[in-house]
Structures are given as C-alpha cells and as structure tokens.
Amino acid sequence: CKTNKPVRGRGVGEINTSMTPSLLKVLQSVDTPTVCNGIEVAQGKRGFNAFTRGTVICSSPDEPAIVGYARTAKISALHPPSETPEVIKKRRMKYYKYMAAAPMPAIAVVEDLDFPDCIGAYWGEINTTVHKGFGLSGTLTNGVMRDVGDNPTGYPVVAGSIGPSHGFVHVKEIGTPVEVFGMQVSEGDLVHADRHGAVVIPKYLIKNLAGAIEKLLATEYLILKPAREANFDFQMFEKAWDEFEKSRT
C-alpha cells in the first residue's frame, strides 16, 4: 500500500502520529529485535531502553509480530475483589467497551498487579476471541494465559506464564499507565511485540523508522551474505566487517 494517510481507528478519528499503512506492513514483517536495532539507527546512537526485561512466553511464536497502539489496563486475581459485584461488573463492561473503541491497529497491554506471583489466566479462548473480534492485534501481559492450542489464530499473546485457572481475576484500572516486564507503557504508545519481548517505539521516530529498518537490513546483509557462503573464512570476515563498520558510521 502506497498511501500516506494515517491509519484510522474504528470511528474515533485519526491517530495523531506519522504511522502509515506502509509502515505498519514493514513493522509486521520484522521481529522485535530488528525494531530495537532500527530505533538505534534512527537515533544515530545506542542507549534506547524502552523494552521489556526477562523471558516471555508467546502463544503463537511463528505468527507475525503484534503491532499496535496500546490500550492499557490492570488486573488482579490472587484475592477476591473487595468491591461489590455491581462495581466489578460495571468496570468489566467499561473495560470491554474501552477495548472495542480502540484506534486501530491496537494491542491490549495489561499489567497483572500480582506479578511475579500471578495465578489468574485472564487470556484464554474466550477473552482472546473477544479481543480479536474487536479488531485488536494481540496482547502483551506480564500475567497468565491458558487454553494453549484453542486460542484463535492471528491473535498472539505475549505473557509471563501459562496456568490452568482464572483465580479471582478482575479488572482494577482502565487506561492508566502500566508496567510490563520492566517496560513502562501509556495509552496510545506504539508497541511492537513478539516471542522476544516488546518495545515502545518513540513517537518522534515513527516517521523515520521504515527507512532506518531498511538501512539496518542492508547493513546486516554485508556480514550475513559472505558468512553464509561455503568458502567463508577470516579474511572474508575481516573485509566484510570493515564494510559493515563503514556502513554503520
């Protein structure tokens, strides 16, 4: 797609960024480490640190990366809610309405407040199917997922663990800033996630990111091409690395 129009949401107007359908296609075609490296290329330096820490579990490791604007929430499941059932039910419906109204592309970024002792599998066959039906691209959570193998294709979940029960899971907050695997995420942040983890793409770099990724891949090919040849040796490596360094600087 060659249009330069911003990606639109479902009846909620345009996203106030420079991401286009063509950039979305690029982001969906690469993994999260490539995006992290692309950000450094766009910045012209190292030091970017808005990414997750630790090991994650991905429900669909062979599917394309999740890309979208964050819709944030917080949940808990260790203990029964202290609020009345009416309050909990009202907040639950407010949560689903919030997710359904997400500007697209969107990703659910949900912090489990019980971390690292999460027990409540909020992300199973029903919830993933509902969120996919709303149009979201996937979920990033430090919490628990279940129903592995029964969740819909095209809706990856990047989670902290797998478990059998939902415990006392209930929604605590909607639309507030969250922290997932050490990464701070606010509503509307552009997130890229896959089996490696996730990254928040700085807003000021969005319009330059496609070009940066293209440059990164071309630069890496200077090393990868000779390294994959049958007669590869140190002399070839030394020459390739020199070209690689010149290209990077």
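These legends accompany close-up views of a predicted model.

**View 1. The largest nonpolar core.** This core has 19 residues. Those with the most contacts inside it are Tyr95, Ala108, Val110, Tyr122, Trp123 and Leu136. Several elements give two or more residues to this core: strand E2 (66-76), helix H3 (85-100), strand E3 (106-112), strand E4 (121-123) and strand E7 (157-159). Helix H3 gives the most, with 4 residues.

**View 2. The surroundings of Trp123.** Which residues are in contact with Trp123, leaving aside its neighbours within four places in sequence? Tyr95, Ala108 and Val110 are among them. The list also includes Thr128, His131, Thr139, Thr141, Val144, Met145 and Arg146. Tyr155 and Val157 belong to it too.

**View 3. Lys74 in strand E2.** Lys74 lies in strand E2. Is this residue buried or exposed? Lys74 counts as buried because its relative accessibility is 15%, and buried means under 20%. A polar atom of the Lys74 side chain lies 3.5 Å from the backbone oxygen of Pro177. Beyond its neighbours within four places in sequence, Lys74 is in contact with residues including Glu111, Leu113, His170, Val171 and Lys172. Thr176 and Val178 are also among its contacts.

**View 4. The salt bridge of Lys74 and Glu173.** Side chains of opposite charge can pair when their charged atoms come close. Glu173 forms a salt bridge with Lys74. The closest N and O atoms are 3.6 Å apart. This pair links distant parts of the chain. Glu173 sits in strand E9 (residues 170-174) and Lys74 in strand E2, 99 residues apart. Glu173 is partly exposed, with a relative accessible area of 29%, whereas Lys74 is buried at 15%.

**View 5. Two further salt bridges.** The count of salt bridges comes to 5. One of them joins Glu83 and Arg91, with the closest N and O atoms 2.8 Å apart. Glu83 counts as partly exposed, at 33% relative accessibility. Arg91 counts as buried, at 17%. The side chains of Lys225 and Glu229 also meet in a salt bridge, at 3.2 Å from N to O. Lys225 is partly exposed, with a relative accessible area of 41%. Glu229 is partly exposed as well, at 31%.

View 6. Which residues make the nonpolar surface patch of about 370 Å²? They are Phe232, Phe234, Phe237 and Trp241. Trp241 is found in helix H6 (residues 234-248). Its relative accessible area is 34%, so Trp241 is partly exposed.

How values were computed
Residues are numbered from 1 along each chain as its sequence is written. This is a predicted model: local features need pLDDT of at least 70, side-chain atom pairs count only at pLDDT 80 or more; totals for chains, interfaces and linings use all residues. Side-chain values use heavy atoms; hydrogens and water are left out. A nonpolar core is a set of buried Ala, Val, Leu, Ile, Met, Phe, Trp, Tyr and Cys residues joined through side-chain atoms within 4.5 Å. Buried means under 20% relative accessible area, exposed over 50%, partly exposed in between (1.4 Å probe, protein chains only). Contact means heavy atoms within 4.5 Å. A polar contact is a pair of N or O atoms within 3.5 Å; within protein, one must be able to donate a hydrogen and the other to accept it, and residues adjacent in sequence count only if both atoms are side-chain atoms. Patches are made of residues with over 30% relative accessible area and no salt bridge: like charges are joined within 9 Å, nonpolar side chains (Val, Leu, Ile, Met, Phe, Trp, Tyr) within 5 Å. Accessible areas come from the Shrake-Rupley method with a 1.4 Å probe; for residues, only the protein chains shown count as cover. A salt bridge is a side-chain nitrogen of Lys or Arg within 4 Å of a carboxyl oxygen of Asp or Glu.
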